[in-house]
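Reader: I would like to learn how to read a sheet and a helix face in a model of this kind. Please take me through the structure shown here.

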Amino acid sequence: MFFKKRKRVTVFLVLALLLAGCGKEPAVVAGASVAEARGTGLISGLAVYVPLADEQISGLEADMLSLKEEMKILATPEVTLIMVGDILMHMPVNNSGRLADGSRNFDHLFTYTKDMIEAADIAIVNQEVILGGPELGISGYPRFNTYYEVGDALVNAGFDVILHATNHSLDRGREGIENCLAFWEDNYPDIAVVGIYGSAEAQEEIYVCEQEGIKIAILNYTYGTNGLPFPAGMPYAVNLLNKDKIAADVARAKEMADFVVLCPHWGTEYVLKETKNQRDWAEFFMECGVDLVIGTHPHVIEPVEMLRDEDGNEMLVYYSLGNYVNATAGEDSDIGKRMLGAMATVTLSRNEEGEVYIKEYGAEPLVTYFSADRKTVLVYPMEQFTDEMAANSFTIKRDRDFSPAYCQEIWEQVFGDLP
């Protein structure tokens, strides 16, 4: 790029090397000769001298301003965050990972979404069911337990943060919690696990990650545990939605981080609209100073809303991302809507005051394909899901309306013009 300045003399442009992080700007030296330019003391051995004709000289100030703006944009940090909904391990999903030699592998669940997951700076997943391992008995609804290899697949897919506070956290009691935590600690100590804990001290820790100089706290709570009692001596096992605890956690998180994400397990199952209870909790989260809420549990998608208070503060809420994967086999005529999930996509940046804010947000539609023979379970971006797949699915046996068009209609009904 040439930088031009209006002057009725010969101009020599000194183009300083723009090295990443050097903070230097090009210098313009005007004069009748190179010798005079050297005499200014602004010329170094790295300079390049370019004589400019009069017609090239006009508009230098505008170009310099434009360059400064471009350099400011390039220097502004951005962090991309994605999250998917429930990893709901019904028995057909558990069985889909069985290999001929008797081993298990669940990487197939992320074959068509892995690129999107890996591309994010921070990738979060709601691991709906406990990873208690085969020694506790693999099971589906209503009291779930799944293979450790599901955790391997989550890591292989590119997830960084595993949410474990759900209504199924205590489906296998003390042993389920202990086995699950031991799996993560022994095999993937660098992966963040939030929502379940092995000690009171661990529960008090606030998870904060840092990307591009932006510190982000991630919190996780559930409305309950399906009536299952906490193991004796383990009141810290699962984070519950409790106002006193949340207020204290968020206050500490705000001291430690630039941005606070809260992931509640809440709402009413199979309802495409948030409940009053969810809205009441969202208002409380905003009063506490939370910046982003991403919800799970209803097993269907629910709206996205940017809340604003009278002081101008904003908080983005994804009321429910629905299921990432499931193999619902009930008799409900609208079972197809449980096969549609969302991947939340959020970009964070800093403004001129140094505050972190949500620059962009949206969602990607995902569809679970559950084959008619109940042996194959895959998850596709909705744009890759076809009429043929729907026609050959087990889902269409329970919901005759199930199709890509059906999924698109629900998506538009719930999310409208969301990017």
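The dialogue below takes up a sheet, then a helix.

Author: This is a predicted model, in which local features need pLDDT of at least 70 and side-chain atom pairs count only at pLDDT 80 or more, while totals for chains, interfaces and linings use all residues. Residues are numbered from 1 along each chain as its sequence is written, and side-chain values use heavy atoms, with hydrogens and water left out.

Reader: In what order do the six strands of the open sheet lie?

Author: Two strands pair if DSSP finds at least two bridges between them; strands (E, at least two residues) and helices (H or I, at least four) are DSSP runs, numbered from the N terminus. Here the order is β8-β9-β10-β11-β13-β12, with mixed pairing. β8 (208-211) and β12 (301-308) are the edge strands, each pairing on one side only.

Reader: In which sense do β11 and β13 pair?

Author: β11 (residues 292-294) and β13 (residues 314-321) pair in the parallel sense, over three bridges. I294 stands opposite Y318 in β13.

Reader: Which residues of helix α6 are buried?

Author: An α-helix has 3.6 residues a turn, so residues three or four places apart point the same way. Buried means under 20% relative accessible area (1.4 Å probe, protein chains only). In α6 (residues 149-157), the buried residues are V150, G151, A153, L154 and A157. Seen down the axis of α6, they fall within an arc of 160° (taken from the directions from the helix axis to the C-beta atoms), so they line one face of the helix. Just after α6, G158 takes a positive phi of about 115°.

Notes: Buried < 20%, exposed > 50% of the residue type's maximum accessible area, 1.4 Å probe, protein only.
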